[in-house]
Amino acid sequence: MSKILDDLRYADSHEWVKLEGDIATVGITDYAQHALGNIVYVDMPEVGDEVTQGEDFGAVESVKAASDLLSPVSGEVVEINEALEDEPELVNQDAFANWIMKVKVSDPSELENLLDAAAYAKVCEE
Amino acid sequence: MSDKFMPHTEEDIRAMLDKIGVASIDELYGDVPEEVIYREEYDIPSAMSEIELRRHFNELGAKNKSLTIFAGGGAYDHYAPSTVAHLLARSEFYTAYTPYQPEISQGTLQYIFEYQSMISELTGMEATNASMYDGATAAAEAMFMMVASAKKKNRVLISDTVSERVIRVVKTYAKFHGVSLTVVPEKDGVTDLDTIYKELEAGDVAGVIVPTPNKYGIVEDFTGLADNVHSAKGSLAVFADPSALAVLRTPAEWGADVACGDGQSLGMPLAFGGPYLGFISCSKSMLRKMPGRVVGATTDADGKRAYVLTLQAREQHIRREKATSNICSNQSLMALYATIYLSLLGKEGLKEVNALSCDGAHYLYNRLIESGKFTPAFNKPFLKEFVVKTDLDMAKVNARLLENGIMGGLLLGNGLVEFAVTEKRTKEEIDTLVNLMVEG
Amino acid sequence: MKTYDKLIFELSRPGRKGYSLPADNFGVNGIGEIPADLLRKNEAELPEVSELEVVRHFTNLSSKNFGVDTGFYPLGSCTMKYNPKINEEVAALPAFNNIHPLQDATTAQGALELYYNLQKMLSNIAGLAEFTLNPYAGAHGELTGLMVMRQYHMSRGDNKRTKVIVPNSAHGTNPASAMVAGLEVVEVKSKPNGSIDVEDLRPLLDETIAGIMMTNPNTLGMFETEILEIAKLVHEAGGLLYYDGANLNPLLGKVRPGDMGFDIMHINLHKTFSTPHGGGGPGSGPVGVAKHLVEFLPNPRVKKGEDGKFFVDFGEESLGSVSTFFGNFGVMMKAYAYILTLGKENIRNVGPLATLNANYIKESLKDDYLLPIEGVCKHEFVFDGLKDKSTGVTTLNVAKRLLDYGFHAPTIYFPLLFHESMMIEPTETESKETLDDFIEVMHKVAKEARETPEEVINAPLTTIVRKLDETGAAKNPILSYRALKEAEK
């Protein structure tokens, strides 16, 4: 059973988001890292890039699979987790602690389009 | 139904049909609409025995003429040691597929690793892929790499001093993929760097492609180019002759991010245009944008050194329409060719090949100028290929050369003629060529 | 026996050489004329080895390889048929190998005639009007074919057609080629048997569709029985049909793609026409088109003049060029030799016997392996792993165990329609005895999976290297000897 944190919002494409002020921290879920297996590379956006809800902002690669990352929010990337450049396996170790990007959101109400923990748990069960 | 490639006896077929539970092979096609079953005779000859086939090929071969070649234009008549063809004929190499099962493909994987290492030595770049189709398609892929790397920028500049046959292909790829390609005009036979710098000011240039040596054989000076391209947040690709890189300043030394080109010059048969070998090398930062197969070193469960296809998540079989390219294969056997060739020639041999070719070319150049019938076209440094100008009726001259078993220079128009000389050409052959041209 | 594990670089000793070149008697110093700034500063560290060392090194490497000449290679979708030796012999003839691609056509008539004949033969075999032999490989053929498709629509001013329909069961190359050709991919669903769902297709066919890419039989080896209906629908909607020739082998002698309504196709000479795969290439991917598309084929083209002489047309129209010269001519020679060896009589048996072989294996193994789609297949079929799902043995385990028994593995985890796909294609060149040996080993592996599963899970046990650390290789890519030396320090 994969871990799901109660205080986060989720996209059905398996990204999580945590909003603090107008800064959203984004990562992939424990379920997603588990499904991918050993992660060997995280393709991250650059600081300053604009991201749009539902559109891809990067990718996560394992040896024999790759998964696009879809942004759960719209806005401007203000920070990326540079530790993942050298140690992508951190995502396997703790997918919630090892976020991928921080976004200054342009429309906080977009979060209402996302799932809460209970709804996301159901997605994972299917 | 048995023939030498299909071993089925009547008894075999009967037993197999019984196992399947059908009465005839035709029944296996029972789901095919009757109207598309092809019942006519194929419009091809009747089966040939080996004796007849050899005869047919010899008859065709007799309609070709093997010439003493003084032309290049992207295909060079270099020498290959006897050993290369012998080793290449080992069927453990040529009857294998792409090395998907590394445990039984270490031979292929290791030579690709060695190939990558050697091309990286020649280009000076950190990473090289397992090879591409040819130089022109490699240049097109280099264009895509630079666009992908620049993210939002979509314009690429290519110097008009890159071979026209390469530009033609790059243009085709650009047109369909939607890359805006600008051909930067030449100036006195070399890339017009000032025009490039002006174009860079627009801020929309993802990358620049320049050649070494260029289509006239000239070794161009790209001092300052990489800095300018990089400060405009673009990438630099150098289209290079890998053989020449044993002596010429390398793409890495010019500050390039990508190197590409055609490996035919590494002793490969002219073979009427192919198979040749495209190569792509890049800096570490571009690695994930590189197309095609890549082999990496690793270890097995017992800690033994081994090789494996790696970085596969970029590729078409995993990423489908999000892949860096649609290329699945490489020119693996030609990469093996290059690896064996470079192993034999080695560090000193490849320099010697260049020295001999370059000396032969300069000897021919000097003789042509001394003849008074040819004048220098550009007065720029060259290696094994060069262009001169003449008032002679070169079409007539070349026809006369053909009668004497010689392929003369390529006619570039406006009285420009381009000659290439490799280590295979002797002083006597060059003297004969010059005499036939100037004396008629 | 100690296995050989040296890299060529590790045999290098300064001063050793493996070549001989003539003395330089030109009396000039050409490189001395080039300014020092334009010469390389750091030397290329190529190996310095003797000829015998090179011969032994590569001979040793070859012994670490498995090829069609080593044993049975049931790799689905790859058509690993026997590569006839006469093909290699004729393709190596100096009379063809010494021809410069820019040589005057009058001195290359033999090469041009061969090229022209092959274009004609492929056109006849495919049921299409004309072929270009320029594309270098299957994927390159796909790209070229899609360019033809786009160029056709653009030439009519029909610029809205920017999408191509690709079944979700298609080879991964199809969508990737579409992307490179600047086309947007629209997926059409497959029915459980891998066939295109015509009802799902119908609503997709609007004025933005350039065409559809299909292979037939599909990637499950099943014939698309509704192909004529699909062709009609796509054509009525103004689109073109592209045939992915990867699965052409079972149709040889039976069905011509052109007769099914396809407008454009590529052929993999290295699959259907017996040219060797070469460890990943060179291949050749000729593209054929119906009459109304001939003018869009890429340049250069080889043609026959009214005087019976062959010539190269570098023409202006068409979509442009996709190759430096004329494609992989050396590969074409081998395919040409193969077609002539078979002749119009034996070529008829290729597809039927390939289909017979595939159905024989399928029926012989379906008691131990899960056959998701019942019924007659063509040249290949797919199992969804072992029938007994309680053993914990996966398709990957079975594949690796086969290596221990001296067989190449099938294609695994493709198509994506099943979790444990195992795609088997025997080709027509294999004898019943070979197939029986393979069947016996497959049964044995299934038995092992039930009785001693750890043996299968830990496979391969007898190959020269064991399971590899692929994660480490992808995480810290070591792509050259220079990098390896650094890493091993």
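Reader: Which strands of chain B does helix 8 (residues 193-200) lie across, and at what angle to strand 4 does it run?

Author: The model is predicted. In it, helix 8 of chain B lies across strand 3 (155-159), strand 4 and strand 7. The helix runs at about 150 degrees to strand 4 of chain B. Angles are taken between N-to-C directions and go from 0 to 180 degrees.

Reader: What makes the sheet of chain B an open one with mixed pairing, and which strands stand at its edges?

Author: Seven strands form the open sheet of chain B, in the order 2-10-9-8-7-3-4, and their pairing is mixed. Strand 2 (127-128) and strand 4 (180-184) of chain B are the edge strands. Each has a single partner strand, so one side of each is left without a neighbour in the sheet.

Reader: How do you know that strand 7 and strand 8 of chain B pair?

Author: Pairing requires at least two bridges found by DSSP. Six bridges join strand 7 (residues 205-212) of chain B to strand 8 (residues 235-240) of chain B, so the two count as paired. They run parallel. In strand 8 of chain B, B:Ala240 stands opposite B:Thr212.

Reader: What are the domains of chain B, and how far apart are the centres of domain 1 and domain 2?

Author: The domain assignment gives domain 1 (10-62), domain 2 (68-78 + 346-439) and domain 3 (82-340) of chain B. Over C-alpha atoms, the centres of domain 1 and domain 2 of chain B are 51 Å apart.

Reader: What share of chain A is buried, and what makes a residue count as buried?

Author: A residue is buried if 20 or more other C-beta atoms lie within 10 Å of its own. Buried residues make up 43% of the 126 residues in chain A.

Reader: How many residues of chain C are in contact with chain B, and which element gives the largest share?

Author: In chain C, 171 residues are in contact with 172 residues of chain B. Helix 9 (residues 329-365) of chain C gives the largest share of the side that touches chain B, 22 residues. That side of chain C divides into 89 nonpolar, 51 polar and 31 charged residues.

Terms used: Residues numbered from 1 in each chain as written. Chains lettered and ligands numbered in written order. Predicted model: local features only at pLDDT ≥ 70, side-chain atom pairs only at ≥ 80, totals over all residues. Contact = placed C-beta atoms within 7 Å. Helix = DSSP H or I, 4+ residues; strand = E, 2+ residues; numbered from the N terminus. Nonpolar A, V, L, I, M, F, W, Y, C, P; charged D, E, K, R; others polar. Buried ≥ 20, exposed ≤ 12 C-beta atoms within 10 Å, placed from the backbone. Domains from an automatic or database assignment.
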